[in-house]
Amino acid sequence: MIRRRFLPIVLLLGAAPLPAQQRAAPFVIEQTGESYPTVDAAVSAVRDGTATILIAPGTYPDCTVQSGGDITFRARVPGTVIFDGGACEGKATFVLRGRRSTVDGIVFRGIRVPDGNGAGIRTEIGDLTVTNSTFLDSQEGILGGNPDGQQRITIDRSTFAGLGQCETTDCSHAVYLSNNGTIVIKRSRFERGTGGHYVKIRAPRIEITDSSFDDSRGNKTNYMIDLPEGATGLIARNVFVQGKAKENWTGFIVVGAEKRTFRASGLRVEDNDARLAPGVTKSPAFVADYTGDGVAVGANRLGPGIRTFEKR
């Protein structure tokens, strides 16, 4: 049974009603007090500046493209702001290519586009921080990155459920990121995948810590963590449960399966807990390494049937 180390998001019910002005125009720029009827109108007003957009509780079909500036998108009450199905440019609900973006306390659900990559967030330029947010029942949760830049992406205390597919030409995943900087995932939860990998990262430096990967109700899923071009960094203090309805069951964490762009000699995998769900009879490797760089697999708590390491 999976150990829950945290509560990724709390839905606060019974919050005090907002003033009528804020109910009528739910997107408010905190610095100026100006309010707007849609998130895209608020983003357009910020232009290349720095601002926090406060969002009233509600369900919105909106989407937006941030083309500049440093913008924080923040739910007034975490978990009560739901963006439902909207996709700009055939990509995502939030398409982000400003200097910096922060997303705090927002729910994204039901995003689907023709190419199979409908995401809650599509990050293209600039640093990104996502916290206290939830990604549900879409083709992808967070997608993108800037392979040419030193981008830093941080995902903290967030939940990803019912994501991924391999029905189109290319698979989509709960999180699929690529850059030439650093990607950090911490205190987050992944569950009920519907295809692809839970986390797929193409970056030289990664940290994935204090998170849970519960595949017991997954369907047609692949790896928990895929580092297809190698990486250095840390995978630690995570809890993994592998289910039985998988397309690729052979590894929990797989390194360098496509090519060796980044050295993996500094990658440490330690202090994790991994189990097979009841009824699973396969014998996967906890870490499978294609690079030959000497991935450091430390002490991990592995359940019956799981092999510690496999060189491929």
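Residues are numbered from 1 along each chain as its sequence is written, and side-chain values use heavy atoms, with hydrogens and water left out. In this predicted model, local features need pLDDT of at least 70 and side-chain atom pairs count only at pLDDT 80 or more, while totals for chains, interfaces and linings use all residues.

**View 1. An open sheet is formed by 12 strands.** The order is β2-β1-β3-β6-β9-β12-β15-β18-β21-β24-β27-β30, with mixed pairing. At the edges are β2 (35–36) and β30 (296–297), each of which pairs on one side only. Helix α2 (residues 39–46) packs on the sheet and touches β1 (27–29), β2, β3 (50–55) and β6; the direction of the helix makes about 15° with that of β1. Strands β6 (residues 70–75) and β9 (residues 100–104) run parallel and are joined by five bridges. T72 stands opposite T102 in β9. Helices (H or I, at least four residues) and strands (E, at least two) are DSSP runs, numbered from the N terminus. Two strands pair if DSSP finds at least two bridges between them. Axes are lines fitted to C-alpha atoms, for helices over the stretch in contact, and angles run from 0 to 180 degrees between N-to-C directions.

**View 2. T154 lies in strand β15 (residues 152–156).** T154 has a relative accessible area of 13% and is therefore buried (under 20%; exposed is over 50%, partly exposed in between; 1.4 Å probe, protein chains only). Neighbours within four places in sequence aside, T154 is in contact (heavy atoms within 4.5 Å) with L128, T129, V130, V184 and K186.

**View 3. Strand β17 (residues 175–178) has buried residues pointing both ways.** V175 and L177 point one way, and Y176 and S178 the other. Strand β14 (residues 140–144) runs parallel to β17, with three bridges between them; L143 has Y176 as its bridge partner in β17. Four bridges join β17 to the parallel strand β20 (residues 199–202), where R202 is the bridge partner of S178.

**View 4. The largest cavity holds about 40 Å³ of space.** A cavity is a set of points, on a 1 Å grid over the protein atoms alone, where a 1.4 Å probe fits but cannot get out; lining residues have an atom within 4 Å of a point. Its lining includes F160, L163, E191, H197 and Y198. Strand β16 (residues 159–163) gives the most to this lining, with three residues.

Notes:
On a 1 Å grid over the protein atoms alone, a cavity is a set of points where a 1.4 Å probe fits but cannot get out, and a pocket is an open set with protein on both sides within 12 Å along at least five of seven lines; lining residues have an atom within 4 Å of a point. Grid points are joined across faces, edges and corners, and a volume is the space filled by probe spheres set on the points.
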